[in-house]
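Open the model in your viewer and keep the sequence panel in view. The stops below go from the whole chain to single side chains.

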Amino acid sequence: MLPLPLIANGKGFIRALENDGALAVYAPLEGGYEGRYQRRLRANGYVSISLSARGLGDVEAYLMQVHGVRPAHLGKKNIAQEGAVGPIYFAQPIAGYQLENLPAQSKGLVLWILEGYILSQTEIQDLISLTKRVPKLKVVLEMGGDRVFRWQPLLNCLQAA
């Protein structure tokens with residue numbers, strides 16, 4: 001009788017991520033699987049960052065360029081100096097900054113994006129094209145729940161819609 005592995009080792013997941021660059025994942029809603037796979041990615045030489053798709057805005061600018069952010073004014077407006085829109089604060093690019101400062105032995109950067117089902121088809125296409133232009137950048141986009149942890153190339157999600 002062959003022994004059954006109690007915990008999957010994640011090699012198929014990592015191989016699929018390296019081949020495709022961007023994956024759509026579906027995880028059981030009780031949670032726990034995401035952390036296991038992120039730990040396996042880190043053990044295989046990747047740096048992993050988790051972020052939410054909510055408020056992502058322009059994907060290219062938010063991830064790879066210095067971009068302006070206007071915080072909520074909370075009802076306090078300084079009309080005399082800045083108008084009704086408020087000040088602009090400039091933020092560092094999340095992925096661009098991390099890619100510049102990757103350790104020498106690192107294979108690359110993995111962006112684990114939660115709530116990916118709210119992204120439009122154009123934003124998903126931008127994520128896919130970004131991974132093609134920047135080979136050290138990989139994207140895992142959580143697209144919803146399922147009974148088992150499963151993944152597919154993110155490009156398949158575009159073709160299905």
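Contacts between residues 24 or more positions apart account for 81% of the protein's contacts with a separation of 6 or more. This is a predicted model. Colour it by secondary structure: there are seven helices and seven strands, and along the sequence they follow the pattern α-β-α-β-α-β-α-β-α-β-α-β-β-α. Then show the surface. The protein exposes about 9,800 Å², with carbon and sulfur atoms supplying 55% of that area. Of the 161 residues, 37% are buried.

**Helix 2**

Select residues 33-43, which form helix 2, and show side chains; Glu34, Tyr37, Gln38, Arg40 and Leu41 are buried here. Looking down the axis of helix 2, you will find these buried residues within an arc of 155 degrees, so they line one face of the helix. Which residues are exposed on the other side of helix 2? They are Arg39 and Ala43.

Just after the helix, select Gly45, where phi is positive, about 100 degrees.

**Glu115**

Move to the loop between strand 5 and helix 6 (121-133) and pick Glu115. Its phi is near 55 degrees, a positive value in a residue other than glycine. Glu115 is partly exposed, at 26% relative accessibility.

**Salt bridges**

Side chains of opposite charge can pair when their charged atoms come close.

Select Glu18 and Lys107, whose side chains form a salt bridge at 3.6 Å, N to O. Glu18 is in helix 1 and Lys107 in the loop between helix 5 (94-100) and strand 5, so the pair ties together parts 89 residues apart in sequence. Glu18 is partly exposed at 32% relative accessibility, and Lys107 is partly exposed at 42%.

Next, select Arg133 and Glu60, a salt bridge with its closest N and O atoms 2.4 Å apart. This pair links helix 6, which holds Arg133, to helix 3 (residues 59-64), which holds Glu60, across 73 residues. Glu60 is partly exposed, with a relative accessible area of 25%.

Finish at Asp146 and Arg150, where the side chains meet in a salt bridge of 2.3 Å, N to O. Asp146 has a relative accessible area of 27% and is partly exposed; Arg150 is partly exposed at 35%.

Technical notes:
Residues numbered from 1 in each chain as written. Predicted model: local features only at pLDDT ≥ 70, side-chain atom pairs only at ≥ 80, totals over all residues. Heavy atoms only, no water. Buried < 20%, exposed > 50% of the residue type's maximum accessible area, 1.4 Å probe, protein only. Helix = DSSP H or I, 4+ residues; strand = E, 2+ residues; numbered from the N terminus. Arc of directions from axis to C-beta. Contact = heavy atoms within 4.5 Å. Areas by Shrake-Rupley, 256 points an atom, 1.4 Å probe, with all protein chains shown as cover. Salt bridge = Lys/Arg side-chain N within 4 Å of Asp/Glu carboxyl O.
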